[in-house]
Amino acid sequence: MSAAHLRLVQSDTASSTSQAAEEQARASPPPRKQLGQVLMEMGALSPDHLTIATALQKKRDVRLGDILLAHGFVRKADLYAALARQFNCAIADLRSQPPDARLIDDIGADFCIRNRVVPWKQVGAGTVIICSRPDEFATLQHEFPAHWGRTFLAIAPEEDILDRLVAMRHRTLTQRAENRVAGHESCRGWNSKNVLRYALTLLFCLSALFFYSTLAGFTVLVGWAVLTLLMNTGLKVVASYLYWKEGLKTPIDAPPSPHENDATRLPMVSIMVPLYKEREIAGRLVKRLECIDYPRELLEICLVVEEDDILTQNTLGRARLPRWMRQVIVPRGIVKTKPRALNFALDFCRGSIIGVYDAEDAPAADQILKITQRFTERGPDVACLQGKLDFYNARTNWLSRCFTIEYASWWRLILPGIEKMGFAIPLGGTTLFFRRHALEELGGWDAHNVTEDADLGMRLARHGYRTELVDTVTEEEANCRAWPWIKQRSRWIKGYAMTYGVHMRQPRQLLSDLGWRKFIGFQILFLGSLSGVLLAPILWTFWAFPLGLPHPLRGVIPDGLLVLLGTTFVAAELLTITIGIQAVAGAKHRWLRIWVPTLHLYYPLASVAALKGFVEIVTKPFYWDKTQHGKYDTQAAGPIITLGLKGDVGDITPPPQTRYRV
């Protein structure tokens, strides 16, 4: 069926819909033909393709139409024309005849998006409902308001339904994305004036203490800094011990098989990739995601783009996206953050497992298979799986080498140790996978938190869910320019501080939710980290002793205590070097070992970032300091590419992508 034929069918929508509604009211329809048979009668589907699609459907819990579209066996126009014939109803034209907004408000735009339906118009004593999945219409009828009367079916492509819903109710959907998380668990009520008042009070108290006695003031700061150092060092010691004690005993997981058995069917997986002003990275990202080894009819990639980001939209518009990739365009709102975009796009996802990648990510080809296998093996209390992160441009310069060592220490040694200690895991921003029901129960991400990942990790733990690490790696681009590095790290520090402040609003409730073990872990991970980067300059002053420079504690502090402090500082530094060498002991990173001692010059950058972050907590707490990617990407790929499908039936060149636009 040609596109011109489809437009001719759509142009006669009003009369055909009324006629179809009358026919539905007068008599029961005859036995319904199978979709494949209808498509073959139309000449839109070959027998060979139908055989392949039917075989795939028997193994996978997915609609035949989705399989046919994913593999390019039919055109979208032909599929919906066949569905209209199969269900004896009209194809609605939502562009020329938009739905009644009052009917949408009766049932809610979020319900319509989730079920891919939209109430269209009232016909006599009944209401016409447009569905993209007509096989679900009979079930959905029970949820429609009684005052709609009898409901009649019409059909439209899923993209047209979502397009129209966003266009008509974008304000409602945007507000929902910004306020999904319960108020007592969100930082949207963050009061900068109160924070400033507390900060000024603290500074006043410290100033008064220094005015009373410089020695007393400096002793308090040094004591706090040393306590923080001991907490962070103790965490590293335990993590390192567990790495050697248990890490090497863990059996290597067998590679997952891409062919699932009949008893355990692979689930539908939706991956959201937030993008913003990504001209350099967008084309390469699409090429990397195309390498994922997972059945295409069970995978969808949602490229989440802000409405005013014309740069990224145009870049993706020049690429030929496969049918299982599409843009979801997020309308303007009060805040512009990654978690807000993820919340908006969540309802557009069809999968029971929701994943998140960053713009510069290059995931392992078998990563999705490993994730689905682990979710199958674990109970429903495991609501999140976190993959490991690495960098593909470690050789760019000194900063990228140190960043790679730091990431290797965190992801390969310290974080696995934290998991074994039973602490709540602060999530990373990418290579995250969630059970959809748990994510929706928590309200998704806090749209106002600039480290939404760490916050979500804590909220999962507070609600009784667990997060596990999975031995799969996603490679990213290391931020290897000094000022962009400081900007990125300042956002992380600011978000950590706001997350700590939100969860410590009611310390007793937090203790009750987490238990003593996780509560102590929370204090070490958040308060310890924040104090460490903020107070590190206090510890640097002790270089004055070996250099013979003046120091407030010189001549006051006992020699024995001075030796003890010096020993502690040296031991902490040696431990950092030891952990760094352990972390890069593998074949890929072994060449980085000689650079590990230079971390002593790398970490002071975090203190500079901390000052910027703490200032922004008061001045602009919800500001998202964007990190630009694609500057030092060693995996060359052009920004405009043509893709083929990788699946069970070979490579097929797909038509252009779908975009949900306001």
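Predicted model: local features only at pLDDT ≥ 70, side-chain atom pairs only at ≥ 80, totals over all residues.

A first look

Visitor: Okay, and what does D105 pair with?
Guide: The side chain of D105 meets that of R169 in a salt bridge, at 2.8 Å from N to O; the term means a side-chain nitrogen of Lys or Arg within 4 Å of a carboxyl oxygen of Asp or Glu. Because R169 sits in helix α10 (residues 158–178) and D105 in helix α7 (residues 101–107), the pair ties together parts that are 64 residues apart in sequence. Helices (H or I, at least four residues) and strands (E, at least two) are DSSP runs numbered from the N terminus. R169 itself is buried, with a relative accessible area of 18%.

Visitor: How many salt bridges are there in the whole structure?
Guide: A search of the whole structure finds 38 of them. One of these joins E297 and R60, whose closest N and O atoms are 2.3 Å apart. That pair links distant parts of the chain, 237 residues apart, with E297 in the loop between α13 (282–289) and β5 (299–306) and R60 in the loop between α4 (47–59) and α5 (64–70). E297 counts as buried at 2% relative accessibility, and R60 is buried too, with a relative accessible area of 1%.

Visitor: What about R350, which residue does it bridge to?
Guide: R350 forms a salt bridge with E300, with 3.4 Å between the closest N and O atoms. R350 lies in the loop between α15 (338–346) and β7 (353–356), and E300 in strand β5, so this pair ties together parts that are 50 residues apart in sequence. R350 is partly exposed, with a relative accessible area of 28%, whereas E300 counts as buried at 1% relative accessibility. Elsewhere, salt bridges that share partners join R374, E377, R378, D381, R466 and E468 into one network.

Visitor: You mentioned α15; why is it called largely enclosed?
Guide: Nine of the nine residues of α15 are buried, so that helix is largely enclosed by the rest of the structure. Among these buried residues are K338, R340, N343 and F344.

Visitor: Switching topic, which residues touch the most other members of the largest nonpolar core?
Guide: They are M272 and L303, in a core of 169 residues. Helix α17 (residues 398–421) gives the largest share of this core, twelve residues. A nonpolar core is a set of buried Ala, Val, Leu, Ile, Met, Phe, Trp, Tyr and Cys residues joined through side-chain atoms within 4.5 Å. Another core, of 16 residues, lies apart from the largest one, and F218, V222, L539 and A572 are among its members.

Visitor: Last one: where is G613?
Guide: G613 is in helix α25 (residues 604–619), and it is buried, with a relative accessible area of 0%. G613 and W492 are 121 residues apart in sequence, and 8.0 Å apart in space from C-alpha to C-alpha.

Notes
Residues numbered from 1 in each chain as written. Heavy atoms only, no water. Buried < 20%, exposed > 50% of the residue type's maximum accessible area, 1.4 Å probe, protein only.
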